[in-house]
Amino acid sequence: MDNADDYRHWEDLIPDALGLIIKKLPLQEILTVIPRVCKSWSRAVQGPYCWQEIDIYERSTECDPEQLDHMLRLLIGRSCGSLRELHVACVNDDRLFSFIAEHASSLQKLILRRSEISDAIVTELAGKFSSLSSLDLSYCYEIRTEALEAIGRSCKSLVSLSWNMHPIVFEDRPSYVDEAHAIANTMSKLKHLELAYVHIDVGSVLDILSGCRDLELLDLRGCWDVELDKKLLEEKHPKVKILGPQVDLGYLERGCWDYASDFSDDYWIDSSDEFFGDDHYYSDDNYDADDDIIDDNGSERGYAGPRYDGMWSAEDLLALRFHHEVDGNLQVWPASP
């Protein structure tokens, strides 16, 4: 039998290898458990190796703006400029978006759904996101023509754009014809484009197909004003798979609403609490790098019900995800295809 001295200790792993292992764990454990194991693991968590991909999408839909601001600034700060992916929702502060932009030099994929950031701030800072290849701005209703044009001019490597709208809001929807033209004129390398429930017309779609020659998937589900000659499109654009504009709305009523009615009010947990209990669990201000023991009496709070991600099939079925808002109203949000 080999001697124990022949085996290397976990704490002797190089930081980047250790980071690759640690980041496979749930976020709560990375922030509350790993720092207690040993000093080398604590240092790995404090450094950039665990934070090149940050996914706090679900948690960001369940916390208040102050908590989200604190979490993003902490985790993005730890990435030290090496952030490659960011998944988040409900960024409703231009100053927080500006902070993200200042650390976006290496960012390749950004999911920023349900965010109330202004068209002006996106236009101003689009140049900071020049490395982006995939962008999801679904349900960001303040994003309009100027911002999309600025993104197209600045993000030359962009191959995937999702800009879906809410399927339930039918009344008083503005026309997004100019926005469609902006996409067609500035995003020629797109391969994947989602415009579900965006109010556009046939001319806009033809413009996009002409301007985005590399398109492989175009999602037009819920774009009711678009009537396409699919036979003609298959002849002129054989490489493009077009979804929609039809959507099986009966599925929404039969499937999701009936399912939701099976749950009592007790099934939903108040989502206004902290991410993990007390603030000190993820606060650099309360952490001593030389001390490998921190308190651990917090627990993750938030939505405890079923998830609906991935139910929007490729055959025109719309998926829904339920989110329990602070005021207790049940809101419906679709998962991106």
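Guide: Buried means under 20% relative accessible area, exposed means over 50%, and partly exposed lies in between, with a 1.4 Å probe and protein chains only. This is a predicted model, in which local features need pLDDT of at least 70 and side-chain atom pairs count only at pLDDT 80 or more, while totals for chains, interfaces and linings use all residues. Residues are numbered from 1 along each chain as its sequence is written, and side-chain values use heavy atoms, with hydrogens and water left out.

Visitor: Why is C155 called buried?

Guide: C155 has 4% relative accessibility, and the limit for buried is under 20%; C155 therefore counts as buried. C50, with a relative accessible area of 2%, is buried as well.

Visitor: How many disulfides does the structure hold?

Guide: The structure holds zero disulfides, a disulfide being a pair of cysteine sulfur atoms within 2.5 Å.

Visitor: What makes the contact of D69 and R73 a salt bridge?

Guide: A salt bridge is a side-chain nitrogen of Lys or Arg within 4 Å of a carboxyl oxygen of Asp or Glu. For D69 and R73 the N to O distance is 2.8 Å, and the contact is a salt bridge. Both residues belong to helix 6 (residues 65-79), four residues apart, so about one helical turn separates them. Helices here are DSSP runs of H or I with at least four residues, strands are runs of E with at least two, and both are numbered from the N terminus.

Visitor: Where do R144 and E179 lie?

Guide: The two form a salt bridge, their closest N and O atoms being 2.7 Å apart. R144 lies in the loop between strand 4 (134-136) and helix 9 (145-154) and E179 in helix 10 (residues 177-186), so the pair ties together parts that are 35 residues apart in sequence. E179 is buried at 2% relative accessibility, whereas R144, at 28%, is partly exposed.

Visitor: Why is R95 called exposed?

Guide: R95 has a relative accessible area of 63%, and exposed requires over 50%; R95 is therefore exposed. Its salt-bridge partner D93, with 3.2 Å from N to O, has 24% and is partly exposed.

Visitor: How many salt bridges does a search of the whole structure find?

Guide: The search finds seven, among them the bridge between D69 and R73.
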